[in-house]
2 protein chains.
Amino acid sequence: MATRKQRTERRADALSKERIVEAAIEILDTEGERALTFRALTQRLATGPGAIYWHVENKGDLLAAATSHVIAHVMTDVPAGTEPREAIRTMALGLFDAIDAHPWVGAQLAGEPWQFAMLQLFEGIGGRLMALGVPGSAQFDAASALVNYALGVAGQNAANARLVAPGRDRTAFLSGVADQWVQLDPAEYPFVHQIAKQLVGHDDRDQFLAGVDLILAGVGTLG
Amino acid sequence: MATRKQRTERRADALSKERIVEAAIEILDTEGERALTFRALTQRLATGPGAIYWHVENKGDLLAAATSHVIAHVMTDVPAGTEPREAIRTMALGLFDAIDAHPWVGAQLAGEPWQFAMLQLFEGIGGRLMALGVPGSAQFDAASALVNYALGVAGQNAANARLVAPGRDRTAFLSGVADQWVQLDPAEYPFVHQIAKQLVGHDDRDQFLAGVDLILAGVGTLG
DNA sequence: CGTATTGTTGGAACAAAGTTCCAGCCAGTT
DNA sequence: AACTGGCTGGAACTTTGTTCCAACAATACG
C-alpha cells in the first residue's frame, strides 16, 4: 500500500506520461507539428526511445493525450448558468482560440475520430442544445452539425498553419492565394472571383462565429 | 510543333501523370490510404521511383491530383436549371457519396487547404447561394459554413474508414464505441449517454444532409 | 544482509517510407 | 552515323516510428 507513494518518487527526474505529454506540447507549440519526433523528444527529455515507449503506446496515443490535455480546459471554462445559446458560442470561440494557439490540435481533432476530446465537445454542445429546448430527435443532428463544422474549420486552420509555417507572413500568403483566384476565368468562377477580394481582409475568427450563428439560427427554426 | 503528338506516342506504355494518378487511385480505393507508397506504385507501374518523380512533384502533389480527379466529377454532375437550394443539397450528397466511396478524398480535403478541389467546392456552393438571393455580405460566410461543415464530415468519415479498416464490420465497431459511451457517468455526460443509443442505428448520410438543411435553414433567416 | 524480482531506463538496431542521384535508353534532329 | 534531351529504372540516402535488449534502481524476500 505504502509502496504506491514511494514508487512515484523513485527519482526526482522520474519520467511519466504527464511529463512526456508536456514536453511534446512544448515542441508542438514552439517548433510546429512536423518537429515532434521521438528523436526530438528523447533529446529534450534526455533519455531514449525505450523509456518513452514504456509510458506511451505509440505516437498516436501521445498526440491524443496532448489533444485531450488542451481541450479539457476549453470546454470547462464556460461559467455555469450562462444562457445556452451564448454558452455554445463561448465554447466554440474557446475552441477556435485553442486551435489558433495550438494548430496541431486542429489536425488531430479533424483527423482522428472518437477520441475522448471529441466526446467532450459533443457533451458540451449537446448539453446546451438540450437546455435550449431542441426537440429530442433533432438534438443529435444539431450537435453533429455544430461539431463537424468546428472540426472542418479546425482542420483548415491546422493546415494553414502548416502551410504558412512559423515566421512567415500570413497576409502575404493570403494575398498570393487571392491573386491566383482573381486570375481565374470570371465566367467560369464568378463566385470565387468575387470573394477573392474579401479574402485578405477577412477575420477567420469572426467568420467562424458567423458560421456558428448560422447553424444556431437554423436550429432556431426547428422549435 | 509536330513533335507534340509523337512525343505522347513514344511508347505504348508511356508513363504520364494521368496514368500515375489513375494507378494511385486504384491502390487507394482497393487497398486503403496507407497502402499508397511509392514502392507499391513502382511495382504496379513496373518502373522505378525516378520515373514517377519525373511526372509528379512529390506525394502531396500526387494526392492533390487524385483528389481533384474525383471532385471534378462531383461538382459538375448537377443538372443546370436545378433550383439553387436543391442544387446545393445534390452537390453535398454527391460529395458525401464520393467520400464514402473514396475515403482518402475526405482526409485530403480536410487536411490540405487551398487546393484546387476546394476552390471547386466554393464555386459550386457559393454560386448557388448567389442565385438564392443571399445578401452579398453574408455569401462568403454562408459558403464557408457549408464547405467547412462538409470538410468536417469528410475528415471524420475518412478517419472512420481508416479505423474500421477494410473488411471489418462497421456496426460492430460502432457498438463498441456506443458501449464505451454508455459506461460513462450519466451525471457527468448526460448528452453523450443519451445519443449513444442512437449511434448504432443512425445513418451517416441522412445526418449529413440534416446538417446541410440546418445550415440552409439558417441561411434562410438572413433574407 | 544479500539476493531475487519487478519496474524502468537508454542506446543500438531494424523496417518502412519519401526522396535524390545517376547511368543509361530511345526517339528525333543534324 | 553521331548527338541531344526527354524520359526511365534501380541503387542508395535520410528520416521516421518502433522494437529489442542489456543494464540499473528500488523494493521484497529469504
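User: Let us begin with the surface near DNA strand C. Which helices each supply at least two residues of that surface?

Analyst: Please note at the outset that this is a predicted model. Four helices each supply at least two residues of the surface near DNA strand C: helix 4 (49-55) of chain A, and helix 1 (3-8), helix 3 (38-45) and helix 4 (49-55) of chain B. The largest share, 5 residues, comes from helix 4 of chain A.

User: How many residues surround DNA strand C, and which are the closest?

Analyst: DNA strand C is surrounded by 21 residues, the closest being A:L15, A:T47, A:G48, A:G50 and B:G50. By class, the surface near DNA strand C comprises 8 nonpolar, 9 polar and 4 charged residues.

User: What is the overall make-up of chain A in terms of helices and strands?

Analyst: Chain A contains 12 helices and 0 strands. Its pattern along the sequence accordingly reads α-α-α-α-α-α-α-α-α-α-α-α. The C-alpha trace of chain A spans about 70 × 45 × 25 Å along its principal axes. Of the 223 residues in chain A, 38% are buried. Among contacts in chain A with a separation of 6 or more, 66% are between residues 24 or more positions apart.

User: How is the packing of two helices described in general?

Analyst: Two quantities describe a packed pair: the angle between the helix axes and the distance between those axes. Within chain A, helix 2 (residues 17-31) and helix 3 (residues 38-45) pack at an angle of about 115°, with their axes 10 Å apart. The crossing of helix 2 of chain A past helix 3 of chain A is right-handed. Helix 2 of chain A contributes A:I20, A:A23, A:A24 and A:I27 to the contact, and helix 3 of chain A contributes A:A40, A:L41, A:R44 and A:L45. By class, this contact has 7 nonpolar, no polar and 1 charged residues.

User: Turning to chain B, at what angle do helix 7 and helix 9 of chain B cross?

Analyst: Helix 7 (residues 103-111) of chain B and helix 9 (residues 136-164) of chain B cross at roughly 130°, and their axes come within 7 Å. On the helix 7 side of chain B the residues are B:P103, B:W104, B:G106, B:A107, B:L109 and B:A110, which meet B:L151, B:A154, B:G155, B:N157, B:A158 and B:A161 in helix 9 of chain B. The residues of this contact divide into 9 nonpolar, 3 polar and no charged.

User: How many residues of chain A are in contact with chain B?

Analyst: In chain A, 44 residues are in contact with 44 residues of chain B. On the chain A side, at least two residues each come from helix 7 (103-111), helix 8 (116-131), helix 9 (136-164), helix 11 (190-201) and helix 12 (204-220). Helix 9 of chain A provides the largest share of that side, 16 residues. The side of chain A that touches chain B has 27 nonpolar, 14 polar and 3 charged residues.

User: What is the geometry of helix 8 of chain A against helix 11 of chain B?

Analyst: Helix 8 of chain A packs against helix 11 (residues 190-201) of chain B at an angle of about 95°, and their axes are 7 Å apart. This angle makes the two helices roughly perpendicular. The contact involves A:L119, A:F122, A:E123, A:G126, A:G127 and A:M130 of helix 8 of chain A, together with B:P190, B:F191, B:V192 and B:I195 of helix 11 of chain B. By class, the residues of this contact are 7 nonpolar, 2 polar and 1 charged.

Definitions and conventions: Residues are numbered from 1 along each chain as its sequence is written. Chains are lettered from A and ligands numbered from 1 in the order in which they are written. This is a predicted model: local features need pLDDT of at least 70, side-chain atom pairs count only at pLDDT 80 or more; totals for chains, interfaces and linings use all residues. A residue is near a molecule or strand if its C-beta atom, placed from the backbone, lies within 6 Å of it. Ala, Val, Leu, Ile, Met, Phe, Trp, Tyr, Cys and Pro count as nonpolar, Asp, Glu, Lys and Arg as charged, and the others, Gly among them, as polar. Two residues are in contact if their C-beta atoms, placed from the backbone, lie within 7 Å. Axes are lines fitted to C-alpha atoms, for helices over the stretch in contact, and angles run from 0 to 180 degrees between N-to-C directions. Angles under 35 degrees count as roughly parallel, over 145 as roughly antiparallel, 65 to 115 as roughly perpendicular and the rest as oblique. A crossing is left-handed if the near helix is turned anticlockwise from the far one by less than a right angle, and right-handed if clockwise. A residue is buried if 20 or more other C-beta atoms lie within 10 Å of its own, exposed if 12 or fewer, and partly exposed in between; C-beta atoms are placed from the backbone.
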